[in-house]
Every structure is written in C-alpha cells, then in structure tokens.
There are 2 protein chains.
Amino acid sequence: MEQVQQFLTDNGGRFVDELFQFLRIQSVSADSAFQPQMRQAAEFVRDQFARIGLETEIIETAGHPIVYASWTKAEGLPTVLIYGHYDVQPPDPLDQWVTPPFEPTIRNGCVYARGATDDKGQLFTHIKSVEAWLETTGRLPINVKFVFEGEEEVGSENLDQFLTDNTERVACDIAVISDTSQYAPDMPAITYGLRGGIFGEFTVSGPNQDLHSGIYGGAIANPANEAARLVSQLIDANGKILIPGFYDDVVALTDEERHQFASLPFDETKFLSNIGMDSAWGDSDFSTTERRWARPSVDINGIISGYTGEGPKSIIPAKATVKWSSRLVPDQDPDKIVEALKTLLQDNLAAGLTLDVTVWGTGAGIVCNTNSPYMNAARSAIESAFGVAPVMIREGGSIPVVATFRDVLSVDTLLLGWGQNTDNLHSPNEHFRLQDFHRGTHASACLWNEIAEFVS
Amino acid sequence: MEQVQQFLTDNGGRFVDELFQFLRIQSVSADSAFQPQMRQAAEFVRDQFARIGLETEIIETAGHPIVYASWTKAEGLPTVLIYGHYDVQPPDPLDQWVTPPFEPTIRNGCVYARGATDDKGQLFTHIKSVEAWLETTGRLPINVKFVFEGEEEVGSENLDQFLTDNTERVACDIAVISDTSQYAPDMPAITYGLRGGIFGEFTVSGPNQDLHSGIYGGAIANPANEAARLVSQLIDANGKILIPGFYDDVVALTDEERHQFASLPFDETKFLSNIGMDSAWGDSDFSTTERRWARPSVDINGIISGYTGEGPKSIIPAKATVKWSSRLVPDQDPDKIVEALKTLLQDNLAAGLTLDVTVWGTGAGIVCNTNSPYMNAARSAIESAFGVAPVMIREGGSIPVVATFRDVLSVDTLLLGWGQNTDNLHSPNEHFRLQDFHRGTHASACLWNEIAEFVS
C-alpha cells in the first residue's frame, strides 16, 4: 500500500496532464453537434484503460457509447463496479467563463474547465488508483469493473438497458461512484441519499405564426401567457408543489435525520452570498438543508417564446417552450408523477392551444444502508487519505443509476465525492481543486484495500 | 382631378419600383445594429419629398430622426397633417419567410416584404398622390404637412416632444394616417377607434449565475418559475386582467356600437383557420370582435430564461426576461396602469429575487367623431377610389400619436387603411396587395379635393 501511495504522489503531475487532455474534449451529450467529440472522449477513456492493462471495450448504444473495462483476477474476493460519466453539461452561457470551458486552466490551485469535477476529474481518480495498484504490485486487492457512460447529463437513456441486458457481466458486490461532493472544503463526506429526478420539456402551441398583438390580443389564447400560467399551476408561491398526488409517497424525514442534518455546520448567509442572493426561499416547514437534500422540488430550467431581441415587438408568439426538472425523494414514483403532470397541464390548457410534453429521463430518490461493511471500508479509506473521518450526508442532485444498481443488480452504492458543491457544477467556471483530485486518487487506492479487509 | 387620376394610373409601375427601393432598406428601429439603415430610410423619404417640390428636412431627435415636409401655398384653405412611419418591425423569425424580408417580391398580386403594408407601402400612397397633384396641376387643393417618424415600432418615444415643441409648425385642421386596414378585401373602412398600448419588459433576477437544480432546487427562488408566476398574476385563465384598477376607467360599449359591430360580416371560423387555430379565447362577456377592437388585453410578447438549446440542462436560471404589451381602450390611463402593474409585480416577488421593469412606450385608446366634415370627405374619397362606401370600424392596434394630435394639436385623425389585417403585419411574410396600393393613391388624391369641398 505504501508503494501504491508513493506511485500516486510521484505521478500526480502526469495525471493532471492527462486529465487536461480529457477535459479538452468537448463531450457535450445534449447537443448533437458534438457527437464526434463524444466518440473521441469514449476512445480516450478506453485507451486509458487499455494502457494500464484492463480488458476494455467501447459498447455501442442507441445513443452515446458506454466504455466498459474490468480486472477480475482476484478470485473469491469482492467485485466493485465503478460508475462514472464522460459527458458534460453544455457550457452556456459562454460569455460568463473567465477562461474558455474546454481550455483547462489552473488558477488558485484549481483546474477550471467544463467537466473538471462533473464528472471527468472525479472518475479519473479511480482509473489512476487502479493504475497505481497494477503498476506497483501487478494486481488489485479486489476485482473491479468500470461502466463509464456518455449520457448522464441527458437522462442516461440507454444505460439501464445495458445493465439489464448484461446483469452477469456487470455483477458485483458494491458499486462506487464519485459524482457527488465533500460536505465542505476538507470535510469529506459519504453521501448515503440522493434525490431522484424527472427532466423534460413542454411546448404550448397556438397560431401558426407570431401575430400582431393589436389585431389579435384578447381574441385568442396567447401561448406565452398560457405556458406561464401552466408553470404557476405546478408550484405555489411558497414552494409547495401542486401536482396532484405529488407528496403521497414521500417518506417523512425522521427526527434523528433532521437532528443529524441540523448538527452539520451550515452558514446560510455565506451559502447565499456565494450565489449572490440575500434570502433563501421555499417550503417553510423544512430547513434549507432539508429542502435541498430530502424534499422534492420543481424547477424551470429554461423558457423560450416569441421575440427575445432588443426592444419591444408587440406580438402574440406562435409557441412557448418550457424546460423543467423535478427532484424526487424516496418513495416517489417518477412515472406516476409524470402522468399526473401531463394530466394537470392538459386539463389547464386554454382553448385553441395544443400541448406537447417530452420527458428525457427519470430516476427515483435513494437512501442507502449506512451500516454495511462497504460503508465502513469507505469511511476508513477516506480517513486515511483526507486525515479526517467523513460526515454522512445526503445530496440534492440525482444519479439515477444508483436506483438501477439497487433494482437490477441488488447492490448498494458508495457515493464518495472528492469535489465541492461550490465547484460550479452545471455553471460557468466549473472547477476542481487539484488537492481534492490528488486526495481522491489516494482515497480510491485505499478503498480497494479496505474493502478487501472489511468484507473478508 | 381627371388629370391627377390619369397620372396615378400612368405612373403606377414606377411607384412600385420606388416602393421596392424603400422596402429594401432594413429600417428596423428596435435593433440598434440597424441604425445606418434607419438613417438611409429617412434620407430616402426626404429625397422623395424634395424631388416632387416640397420643402423638406430631416429633423434629429434623441432617437431616430423625423422627416418633415410641407406644401402650404393654398392660403385660407384647410391644412392636413399626414403622419406615417418609415421604421418596421424586426423580421424574426427569419426562417419562416418564403422570400427574404428585405428583398421585395411579387406573388399573387401582392408585394411581400417587411414594411410592405406597415407602414412603408401605405405612407407611400400619400407621397404619390401629392406628386400627382403637383406634377399635373402645379398645386394642391389644400395645404399639406408630412410628419414621418422612425420610432413607431418602438413606442414613438421622441415624437410627442417634437410635436409639443413645434405646435405652430405642425398646426393643422385634421390629421390623416394610413396605418390601419380595410375591414376585408374590397371592403374599405374608416377606423374611428383604436386601442392604446403599453409596451414593456420585466426581468426577474436571482442567483449571480445559472445553478445546478439538484444542489439548489427547493432552497432558493427560481427566477424562471417566479417570472411565470408573475405573468399568471396579470391575467386569469378566462382573460380577465388582474392588475388592480385596470378596468376602472374603461368606457363601456354602447348597445348601438355593439349592434353595429355585430352587423359587420365576420366569419370566425375562417378568421381562426387563417391563423391555424380552432378556437377563440377570452372574456366571454364580449364577442370576439368586441374583444379585439374595444376591450383591453395583456399579452406576453416574448420570454427568455436559462437553457433553451437542445435536450435537458438541469439548472436554475440566473434570470428571466418577459416582454409584455397591453392594449387599452378609452378612458384607461396608461401611466396609472403602469404604476399598478409595477406594484403588483413587486408585491408578488419571491424572497431573494430582484425585479427590473422597463416601459418603452404608452398611448391612450382613442374614439374619433364620426360626423365631422372631414369624416364625410374621407367617406366620399374612398367611395370614389374603391367604388364602394367605407364601413365604420374600430381596430385593435395602437397608434399613440392619434392621442397626441388630439391632446396637443386639438385635431381629430382620419384613419384610412388601404391594406388588410391579414397582411401579416408584425409576422413573417408581410405583404400588401398591389391593387390596394394603387387604390390607396387614388383615394388619397381624391381626399385632398374632397376636404377642400366639404370644409369650405
């Protein structure tokens, strides 16, 4: 293990260089214009695996490919399935980046680039920890299987099918994902709960073209007015969601968990000032941390309708498109909620308009067992690498594959985040602290060892 | 008069060629990128006036210039002030034009171009009628003054100031504007009432950048959600406007006027199918014609917020911008309504968000005296040129200067529309029937004569 650690320390500079190569690839899964770069990113990952001696291949899907790799020579020992995603969020709005999103730059000890922390930088720590074991000892203390997909940012549409079709190939004892965050700088965390999600879009269409609001105003339903009204039907002014049945299956927070959340240091003023706001908002029955981690939400992600250039243009727009997402908690059923939402929108649609609803992806909320040997192995590995025991947290984001691992492979997932939730995930100037990257590689290398020990 | 008519007939082809030159100039007042083209359009109009022997000049304003011209040698006879606007609406969405908006093309007897009917084509009829009188008789039967502005599509911000500062120069007995429509093809109309308008934009701002909806969703107010909610506070699902006091000063429609509206031929099914809709909508206490002409409305003209590209992007947008317009009827006070709207928006703003409201322009609704000698002169001129007496109508659009003429110059306005309200004003594929253009020049030439007769 000492040899492995030394290798990681000695090669840290090279790892960063290789990460830069990875970050330069514009693997934006949401935009079909970037399909060649998606392929290039998959090939980059495959080549990484091949170079360190794993069996690996690019597996085609109906969308972007999956990169699979494995090392399974530790007979009789546990098998860990490591998941990550090589696709990234769109970089817009481009004009808010200090340095271009696909030209990684180091400032203040952080690498700035789209995907730096979400998830290229974090997944890379596990490739490098396996490389360290194999280069120094010629073996791993456990078996590993890697599934790195290219569709996480667009709803992982083809991943479930792959896992369902390959249950034997991907069979494992535990899954590991580094796509979450530490609780705070130098305060590593194990995330035992995640919100699920629904990601969709609806378009309200009216006249066959934009119309003069003087000639037609008041005589026909305006798609922009009505799209806005539909949004107002989804969630009220206090943050209560109005979709019928939305809260029916929500598992209530226990007093113990509420107490645990409240015991974590949380500077709400700083949390808000970091994002330029002076007030939180939402369902006042719950704390801000509770609302973020363990309560469902509905957010509009984008709206486009009519004239959006400079100055006025007095038209009735032909249509309005609203992108929306919902974050879900156990045991809400995404499909049931999608149906209720569709019915609500359709029932409230004004005369003369038509509605088209698209859902790109859904995933259930998750809470994992916090007392398993794997959880204990992870605690120990993180303490070794970071010098401090991790706190147990939930997070508000969604990693739908965790539900699939539970449902299809019957395994829990260790969500071990090396980054910070202030790393501007999904925002301009995304970054990842290099110290966190390096500690991540060490924690990962320890984890393989600790799992072998705790589980045996 | 016969000579004048002959001249108009003989020179019709040349008039169309000159109109094409005018239509090729991209005089989009709303977009500052087109400032050179705005200047070019003003110079084109000035050169037209100069060529036919009017005193003319380009008058600078804080925004786009006004072109003024006059012929006042008919001592003791009435003076007519002719208003028009050489600016046009933005041509977006460009991809819906069959032929490019600034490359005029003739199809099915119509000229297709942005501004063909609104208002370049219509104002041009009055230049040409004056040209015909001067070229054939060397004089006009009355005095004329032209005020052609370049800011009608952006709220006429500097026109009122010009008129107020130059009351003697623009003093007149009656105003004439051709910026409305016939009631239907071959069914010319005098528009005796117009809706006023308010044209503005509001922006709801929240976080200093787009945020991950998993990390922040439910914890802070979402500017897109809340902008939509604010829209829903302005107007209800049935078309009733919710701005406090909005209806207080509305002059009720008389039974006589409702009866007159109802007596006009109106094929609602065709009206709707022309715009690709199968149902009207709005305040059910009023007919569709009443809602369009004589009832106030609130329309969203455009919304932009967050991610609007392909696929999902699960963010909370940093801000949302909503363009809105309201159509007003006598005696609603635009300023009072703007204040009530601002208060309503501010009072309903969620915690943590900020609001910025811009108003580009306002104008009161108008109803003119239908029994004046000028109105009778117009009836007679139109009957001469179109072979049929005009119907008396109101229109839903706004021409705020009509209120200014009333308030500052104490004159009524003759609203004589040569086009059709199906000419795609403010929409892609705007057009103007050439036959209507030519009949407009004839009606205009007759009008100068009829005014001299009816008023003397």
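Biologist: How do you know that the length of helix 4 of chain A, residues 120-137, agrees with its number of residues?

Modeller: Helices are DSSP runs of H or I with at least four residues, strands are DSSP runs of E with at least two, and both are numbered from the N terminus. The expected span of a helix is 1.5 Å times one less than its number of residues. For the 18 residues of helix 4 of chain A this gives 26 Å, and the end C-alpha atoms lie 26 Å apart, so the two values agree. The model is predicted: local features need pLDDT of at least 70, side-chain atom pairs count only at pLDDT 80 or more, and totals for chains, interfaces and linings use all residues. Residues are numbered from 1 along each chain as its sequence is written, while chains are lettered from A and ligands numbered from 1 in the order in which they are written.

Biologist: Why is helix 4 of chain A called largely enclosed?

Modeller: A residue is buried if 20 or more other C-beta atoms, placed from the backbone, lie within 10 Å of its own, exposed if 12 or fewer do, and partly exposed in between. In helix 4 of chain A, 14 of the 18 residues are buried, so the rest of the structure largely encloses the helix. Gly138(A), with a positive phi near 75°, follows helix 4 of chain A.

Biologist: What makes strand 7 of chain A, residues 174-177, covered on both faces?

Modeller: Ile174(A) and Val176(A) on one side are buried, as are Ala175(A) and Ile177(A) on the other. Two strands pair if DSSP finds at least two bridges between them. Strand 7 of chain A meets this with strand 3 of chain A, residues 79-85, through 4 bridges in the parallel sense. It also meets it with strand 17 of chain A, residues 413-417, through 3 parallel bridges. Ile177(A) stands opposite Tyr83(A) and opposite Leu415(A).

Biologist: How do you know how chain A and chain B are related?

Modeller: The copies are superposed by least squares on the C-alpha atoms of residues with pLDDT of at least 70 in both. A rotation of 180° with 0.0 Å of shift along its axis places chain A on chain B with an RMSD of 0.1 Å. The two copies are therefore related as by a two-fold rotation axis. Ala228(A) is the residue of chain A that comes closest to this axis, its C-alpha lying at 2.1 Å.

Biologist: Why do the copies meet through the same surface?

Modeller: Contact requires that the C-beta atoms of two residues, placed from the backbone, lie within 7 Å. The contact takes 86 residues from chain A and 86 residues from chain B. Strand 11 of chain A gives the most to the side of chain A that touches chain B, with 9 residues. Because 100% of the interface residues of chain A are also interface residues in chain B, the surface is the same in both copies. Strand 11 of chain A pairs with strand 11 of chain B, residues 297-306, in the antiparallel sense over 5 bridges; Ile303(A) stands opposite Ser305(B) there.

Biologist: What makes Arg195(A) count as buried or exposed?

Modeller: Arg195(A) has 31 C-beta neighbours inside 10 Å, so it counts as buried. Its place is in the loop between strand 8 and strand 9 of chain A. The C-alpha atoms of Arg195(A) and Leu328(A) are 5.1 Å apart, although 133 residues separate them along the chain. Beyond its neighbours within four places in sequence, the contacts of Arg195(A) include Gly365(A), Ser398(A) and Gly214(B).

Biologist: Which omega value goes with the cis peptide bond between Asp118(B) and Asp119(B)?

Modeller: Omega is about 5° for that bond. Asp119(B) lies in the loop between strand 5 and helix 4 of chain B. The peptide bond from Pro330(B) to Asp331(B) is cis as well, with omega near -5°.
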